[in-house]
Amino acid sequence: MITPVLLGILLAFLPEAGPTKFPSNFFSSWPREKAVQMLNASPWARQETFTRVISGVGSGISGEKEIYNTFYIRLLSARPIREAYARIQQIHYGYDRMSPEAKRSFDQALLPNLEMDTSQWIVVSVSFRSNDPNEESRVRRFFQSQTARTLKNKVYLSTPICPQLELSAYFPPREESVGAKFIFSRDLNGAPVLTKKCDNITFELLEVMGANSRLRSAFSVKPMIVGEELVF
Amino acid sequence: MTKPWLLALIVLLPSLTQGAGTIQVEQEEPAPPAAVTAANQELPSELEESLPPDLKKIDSFGMEIKGPWSSQGGPRDESIALVVNPFSVRKRGKIYGSIYEYHRNDSFDARNFFDPVGEPLPEFKRNQFGLSMGAFINGKLKVFGSYDGLRIIKGSTMLSLVPTPQMKQGDFSVLAGKNLIDPATGIPFPENLIPQSRIHPVSAKLLPLFPDPNREDPARNYVSNQPIVNNNNTISARVDYEFSSRTKFFGNYSIGDSSRFLASYLPAFGTTTDDRRQTVSLDLTHSFSPNKVLNLSAGFNRDSTIQLSQQAFQKGLLDSLGIEGVSVLDPIDEGYPIVELIGYASLKFGRGFSGGGFGGGSSGGSPNISVQNNYSFKTDYTYVRGKHTLALGGNLSFRQLNGNRSWGTRRGQFNFSGQFSGDAFADFLLGIPYAAVRGIGSDRADLRQRLWQLSIKDEWKINRNLTVSMALAYDYAPFLHSIHDNVSLFYPLLFEPPRHGEIVVTGSHRARELGLKLGRGQAAYTDKNDWQPSLGLAYSPFGNNRLVLRASYRIIHSTMNYRQAQNSIGRNYPFFYLERAESPTRPDLDLSRPFASAAPAAQTIQAMDPYLRNPYIQQRELSLQYEFLRSWSLELTYEGRKTTRLFRTMPANVPLPAGFGNPIQERRPNPAYGRFDILASSSSYTSDELNAQLKRRLTGAFSIQAAFVWNKAISDGWGWGLANPSNPRNTAAERSMWGFQPPKQFTLNYILDLPVGRGKLLSTAWAGKFSQLFEGWRISGITTIMDGWPFHPEVFGDPNNDGVWGDRPNRLGSGILPSSGRSVDKWFETSHFAMPDFAGPNPQWFGNSGRNILLTPAERSWDISVIKRTRVSSDGNLLEFRVQFFNAFNHANFQQPGSYIGAPTFGVISNADNAREIEVAIKYSF
């Protein structure tokens with residue numbers, strides 16, 4: 001009976017395993033603009049805007065003459081995107097004015113987002129905004145009503161190594177700011193689908209409303225290399 | 001294998017669990033500090049079983065933090081949603097929306113090319129305004145509502161010729177060089193004076209409806225500036241609700257009221273129209289499993305329209321005129337009869353030329369009542385298996401048309417041409433029309449239609465390069481039918497109806513005896529052959545979808561709409577029918593008793609061909625789409641379309657042409673009846689269209705979309721409203737360019753954000769606090785350049801005397817002038833067209849000029865908006881101010897030149913589209 005007790009004591013004095021400590025949080029010093037830029041125009045984030053100009057005298061739809069349908073495509077599996085989200089949350093909750101104790105507690109709350117395990121998955125998030133409320137509702141309903149299976153022949157991630165990687169999982173949007181999540185495997189038959197030698201990685205969503213039938217967004221690989229590591 | 005005791009120990013240590021390859025912290029709910037969570041972490045059980053835990057955590061990634069954070073740490077920054085999607089804040093629980101106003105008035109507008117110089121522009125005020133609001137109540141419920149309003153007061157300028165006060169007294173001495181003939185004696189009235197005693201009592205009662213002239217122009221001596229008023233209010237509400245991750249609901253309701261006053265040439269003939277449109281739609285999506293999704297939707301819309309004359313409810317008005325044989329059923333029908341005067345303003349509702357037909361429809365104008373109800377139920381079931389996506393669909397819809405009344409002819413229509421006295425108004429004073437039409441019976445129609453559709457579709461992703469799509473649908477689409485036993489037709493319904501033919505009521509014993517197996521209220525047999533196959537493929541040779549080739553072929557059936565049917569169901573003896581009395585050569589008709597004073601009036605027949613079929617369209621398409629650079633794409637598309645069995649109204653019981661003065665009625669194949677109008681599926685339409693598009697999506701500062709469409713469309717149809725082929729016995733001669741489509745069209749639309757601001761090409765850092773003044777400027781616009789629309793020269797009236805208008809002249813040359821030779825006074829070479837010799841010893845009854853052989857002037861329009869957007873709060877509230885220029889360069893877009901050969905306006909352009917208009921608008925988004 002002594003053995004389990006000893007083991008327990010030993011384990012209690014061992015350092016905590018895994019990323020239970022908040023990592024280097026240099027992003028906590030980012031100004032809001034930097035976080036926004038990371039989420040909207042960075043190597044891991046794209047905006048694709050489809051426009052339509054309404055002709056004729058008078059107002060258009062809810063007073064809008066130029067309809068903007070914007071898809072926000074982000075590589076959520078890339079740590080910088082999650083850090084940007086974390087920084088936005090920090091600013092939102094007044095992190096910079098918190099006491100050290102409160103900060104530690106808040107950091108713990110952010111941890112699941114930051115340390116989301118994406119070691120096996122590439123996660124692409126897609127959110128949508130339009131200044132036409134009807135269009136926004138239609139696209140929202142489209143994303144809400146899909147499943148991984150129904151999207152199987154409509155959504156692809158393509159790399160030079162693996163054209164048209166199939167969707168592994170799909171999560172409809174729960175919050176507007178994050179959007180729908182499309183999940184692809186990082187490996188195919190044991191080999192990575194993306195390496196530093198690749199030029200780009202492309203996300204495609206066919207037959208989606210608001211995008212003139214298809215959404216296609218390409219990310220260059222080179223800017224996604226941080227230090228020696230390809231981050232995506 | 002993990003030992004039980006070790007597991008026990010792990011449980012003792014807080015928040016440590018074995019993850020997928022790593023040890024992860026798992027938060028205990030709800031004890032703070034809480035994890036970042038989403039509103040709903042339930043997953044479909046199938047997904048829970050099949051997904052590894054790390055994927056579930058990915059799903060829980062969100063922006064909301066549970067915990068004490070909202071109450072500490074200083075003020076909350078409200079921009080959390082804004083910064084992620086920088087349009088405006090969409091935070092849970094917070095209301096977002098916008099409020100706007102668009103304003104135009106005549107002080108901003110340029111003068112139309114044909115507006116008289118020196119005179120003020122007609123009054124014009126237009127206000128369009130609205131408010132919209134929405135909110136995410138919680139993670140499952142989203143609501144949205146809006147109100148849009150429109151107020152228009154538009155002074156019209158309608159010029160016409162009205163009789164002078166002297167003429168209304170019978171004094172036509174002003175008509176220099178023209179002798180008024182006394183039809184009773186055949187000799188001229190002395191000094192062109194009609195004795196007071198000869199003024200017909202009915203005419204005397206109608207005379208006050210003609211206003212006195214108010215202009216000096218002898219040809220257009222009266223201008224009506226009655227304003228057109230249009231008030232609209234629309235309210236809509238929408239709700240999205242997520243019952244669970246498997247079941248989602250959407251509902252929408254909108255109601256729109258519209259109230260319009262439409263002015264006419266003469267003050268007493270304006271009409272008021274009240275419309276109400278209501279729409280409800282419900283939509284439910286349920287996922288049985290990730291590869292089985294069911295969508296159910298239901299919709300209802302109700303449109304009601306009431307168009308009334310200004311004299312509606314003035315009980316006894318029509319009777320007081322003393323015209324025998326016309327009456328109204330209800331005070332709502334009250335009003336004056338239609339009095340058509342060739343050369344003068346007519347007593348009727350209308351803003352344009354009246355073709356002199358039977359005068360129903362718009363010239364009757366009132367009452368025009370309809371209530372339409374449409375119910376639709378739709379289901380789609382999607383099943384994904386392997387590389388196949390199968391979709392099964394079913395539609396059921398009911399259409400109801402209740403209490404429809406579209407003809408004002410119960411009050412009668414009387415035509416005066418001046419052929420007896422030499423002046424149409426003199427004929428009117430004398431009370432001798434050359435033709436009179438009346439409706440007898442109740443014109444109320446209550447129609448129904450029930451449509452079913454079943455469809456199956458398979459989208460087969462054969463490999464990464466090739467996708468094939470196959471579908472088959474079947475429509476069961478009976479034609480509209482009456483709920484009353486009031487449908488009759490002439491049998492046999494032939495172009496030359498035999499004299500032994502008779503009118504039979506469908507569904508009656510007699511109809512069955514004759515072999516007509518139509519049910520009661522049914523006007524045509526159901527077309528049960530509406531199969532709609534389709535086949536398409538998408539091929540991406542390099543598998544990356546940058547270059548995609550698409551090809552498809554499909555057959556589409558179209559179903560009848562109520563407007564096509566309403567004049568052909570329940571419009572025959574003994575229910576409701578038109579009678580026409582005419583005496584074109586002798587002054588036999590007396591305005592007091594027009595239908596009893598001459599040869600018996602003839603019944604007309606309005607019917608569907610009982611063997612009517614639904615039109616079907618064969619559509620073939622080939623397109624090539626190529627994306628290049630980052631945001632550019634080029635698309636070339638060919639689309640061919642062939643429509644067979646297109647509806648058109650065929651005139652029948654038409655006599656052969658004859659010289660002027662030969663009475664029409666006795667020459668008809670069946671002289672016991674007047675003209676027949678038969679709705680038949682006998683015309684066709686083909687078009688070949690090439691469409692080239694170049695697009696640049698909005699990245700950085702600008703987006704652009706340029707499209708060029710080159711179309712050639714040919715048809716021998718003229719629609720279902722008018723039935724005026726030149727020669728009804730030779731409909732092949734009607735085959736021509738389709739009249740409702742310009743052959744070439746170029747459109748360009750663009751959005752340009754001026755590169756001014758922080759981090760942009762032109763920095764505004766120097767402006768400090770005033771930098772916002774220089775930022776947020778945008779220019780957008782649409783440019784349209786297109787050919788004119790096909791049209792053709794015509795002959796006014798019915799000179800070949802076959803009872804059908806639409807005769808055409810002879811063509812001696814192309815008629816086309818070089819662009820340098822065109823002017824508003826002569827747009828085409830009028831000398832290339834000549835009147836056929838209708839009266840010679842060897843008359844030519846039909847001109848050889850084709851239909852739609854010329855084009856109206858081309859159109860150019862530049863609409864440009866200048867927009868300034870200013871962010872007025874940190875949480876994204878925007879103030880937008882814009883100035884819009886419509887037809888910015890004030891290009892005169894001329895309308896169709898006069899097409900009646902022999903008329904002073906032949907080849908002359910008299911109207912142009914709107915000149916430059918400027919609108920100012922303000923919008924606030926919150």
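Colleague: Let's start in chain B: which residue of β20(B) is the bridge partner of Lys457(B)?

Modeller: That partner is Ala471(B). Before we go on, this is a predicted model, where local features need pLDDT of at least 70, side-chain atom pairs count only at pLDDT 80 or more, and totals for chains, interfaces and linings use all residues. Residues are numbered from 1 along each chain as its sequence is written, while chains are lettered from A and ligands numbered from 1 in the order in which they are written.

Colleague: Over to chain A. How do you know that Ile81(A) is buried?

Modeller: A residue is buried if 20 or more other C-beta atoms, placed from the backbone, lie within 10 Å of its own, exposed if 12 or fewer, and partly exposed in between. Ile81(A) has 22 C-beta neighbours inside 10 Å, so it counts as buried. Ile81(A) sits in helix α3(A), and its C-alpha atom is 6.9 Å from that of Trp44(A), 37 residues apart along the chain.

Colleague: Which residues make the contact between α2(A) and α3(A)?

Modeller: The two helices, α2(A) (residues 32–40) and α3(A) (residues 79–92), pack at an angle of about 140° with axes 9 Å apart. Contact means C-beta atoms, placed from the backbone, within 7 Å. Helix α2(A) brings Arg32(A), Ala35(A), Met38(A) and Leu39(A), and α3(A) brings Pro80(A), Ile81(A), Ala84(A), Arg87(A), Ile88(A) and Ile91(A).

Colleague: Last one: how do you know that the span of α5(A) agrees with what it should be?

Modeller: The expected span is 1.5 Å times one less than the number of residues. For the 13 residues of α5(A) (residues 133–145) that gives 18 Å, and the end C-alpha atoms are 18 Å apart, so the two agree. Its buried residues include Val139(A) and Phe143(A).

Definitions and conventions
Pairing = 2+ DSSP bridges. Helix = DSSP H or I, 4+ residues; strand = E, 2+ residues; numbered from the N terminus. Axes fitted to C-alpha atoms, helices over the stretch in contact; angles between N-to-C directions. Contact = placed C-beta atoms within 7 Å.
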